[in-house]
Amino acid sequence: MDIQEIIALVKKARAFVENREKAGHIKTKGRADYVTQVDTDIQEFLSRELRSRFPDIQFLGEEEGLHEMSGDVYWILDPIDGTTNLIHDFQHSVVSLGLCEKGKITMGIVYDPFREDVYYAQRGQGSFLNGSPIHVSDAETLSETIISVGTSPYDRELTAKNFQRIQRVFDLSQDIRRMGAAALDLAYVACGRTGGFFEPRLSPWDFAAGMLLVEEAGGQVTDFAGEPLNLSKKGSIAASNGKIHEELLGIL
Ligand code: IPD
Ligand code: CA
Ligand code: CA
């Protein structure tokens with residue numbers, strides 16, 4: 001499979017993202033959890049195109065929800081990561097596409113249509129931004145870094161404890177960032193803009209592609225307990241350049 005062919009396909013999502021009228025067609029899925037016509041149009045488009053090119057590969061997309069996959073190989077898509085940002089024209093949302101084979105992500109693409117940036121990785125081959133290799137930061141301690149955080153806005157029962165974590169990380173690091181698109185948070189860890197990222201609950205489509213980006217760029221991704229992430233369920237996530245991972249987990 002040629003990753004450049006898949007990237008070319010994913011980049012076609014830009015035309016949908018530019019449609020501000022459709023970004024205004026909003027349905028509410030839950031507390032602060034929305035889906036716009038742009039999300040569903042991108043998922044429909046990419047699932048159709050991928051299925052027709054690779055009929056043997058199954059498809060898991062956010063807008064059809066988590067379900068059991070019967071096969072070993074499937075695409076895992078977040079058509080728009082950062083839907084709330086998209087609704088507010090905050091210009092910080094991405095398309096995130098991963099390929100899962102036998103329980104492992106083997107290909108990850110995070111496409112930022114606002115900056116026309118493509119982050120991508122294949123297992124064992126490193127991570128790239130627009131064709132150039134990227135690496136995690138070389139910070140040795142939290143005090144040398146900024147850390148991006150996620151607030152799991154759809155699960156408000158997690159808020160109080162999470163804001164305590166955020167405060168502790170803020171106290172020990174240079175600063176924190178809350179940007180609103182987890183897949184892009186992971187891409188920023190991969191290219192060394194931040195030293196790490198954490199969020200108490202994410203779904204597999206949020207982290208599938210970004211997790212491979214971080215690992216292939218030399219970093220580390222686990223849950224808050226230091227265990228590997230499970231691609232079939234929601235869970236906590238801590239990503240870092242590796243060097244500060246233990247310090248970060250100690251706080252979480
Ligand atoms: C959300 C974004 C957000 C994160 C949420 C995610 P969505 O994804 O990644 O940054 O805090 O936990 O669910 O709903 O915009 O695809
Ligand atoms: Ca998402
Ligand atoms: Ca989404």
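**View 1. Around ligand 1, 15 residues gather, and D81, G82, T83, Y154 and E199 come nearest.** Here, a residue is near a molecule or strand if one of its heavy atoms lies within 4 Å of it. This is a predicted model, in which local features need pLDDT of at least 70 and side-chain atom pairs count only at pLDDT 80 or more, while totals for chains, interfaces and linings use all residues; side-chain values use heavy atoms, with hydrogens and water left out. Residues are numbered from 1 along each chain as its sequence is written, and chains are lettered from A and ligands numbered from 1 in the order in which they are written.

**View 2. Ligand 1 makes polar contacts through its oxygen atoms with G180, A181 and E199.** A polar contact is a pair of N or O atoms within 3.5 Å; within protein, one must be able to donate a hydrogen and the other to accept it, and residues adjacent in sequence count only if both atoms are side-chain atoms. For E199, it's a side-chain N or O atom that sits 2.6 Å from a ligand oxygen. G180 and A181 use their backbones instead: a polar backbone atom of G180 is 3.1 Å from an oxygen of ligand 1, and a backbone N or O atom of A181 lies 3.2 Å from one. On its own, ligand 1 has 380 Å² of accessible area, and the protein covers 95% of that. Accessible areas come from the Shrake-Rupley method with a 1.4 Å probe; for residues, only the protein chains shown count as cover.

**View 3. Three aspartates, D78, D81 and D206, hold the calcium ion (ligand 2).** Each of them coordinates through an OD atom, at 2.1 to 2.3 Å. Donors are N, O and S atoms within 2.8 Å of the metal (3.2 Å for Na, K and Ca); water is not among the atoms, so sites may look incomplete. Read along the sequence, the donor residues are spaced D-x2-D-x124-D. D81 is buried because its relative accessible area is 5%, where buried means under 20% relative accessible area, exposed over 50% and partly exposed in between (1.4 Å probe, protein chains only). D81 is also among the residues that come nearest to ligand 1.

**View 4. The calcium ion (ligand 3) has E62, D78 and I80 as its protein donors.** The donor atoms are an OE of E62, an OD of D78 and the O of I80, lying 2.2 to 2.3 Å from the ion. Their spacing along the chain is E-x15-D-x1-I.

**View 5. L77 has its place in strand β4 (residues 73-81).** Helices (H or I, at least four residues) and strands (E, at least two) are DSSP runs, numbered from the N terminus. L77 counts as buried because its relative accessibility is 0%.

**View 6. Strand β10 (residues 146-149) pairs in the parallel sense with β11 (residues 175-177) and with β12 (residues 196-202).** Two strands pair if DSSP finds at least two bridges between them. There are 3 bridges to β11, where R177 is the partner of S148. From β10 the chain crosses through helix α6 (residues 159-172) to β11, and this β-α-β crossover is right-handed: with the strands pointing away from the viewer, the path from the first strand over the helix to the second runs clockwise. The pairing with β12 also has 3 bridges, and there S148 is partnered by F197.

View 7. D89 is partly exposed because its relative accessible area is 37%. Q91 also counts as partly exposed, at 40% relative accessibility.

**View 8. Strands β1 (residues 26-30) and β2 (residues 33-36) run antiparallel, joined by 4 bridges.** One of the bridges brings K27 together with V35 in β2. The two strands form a hairpin with 2 residues between them, and A32 in the turn has a positive phi of about 60°.
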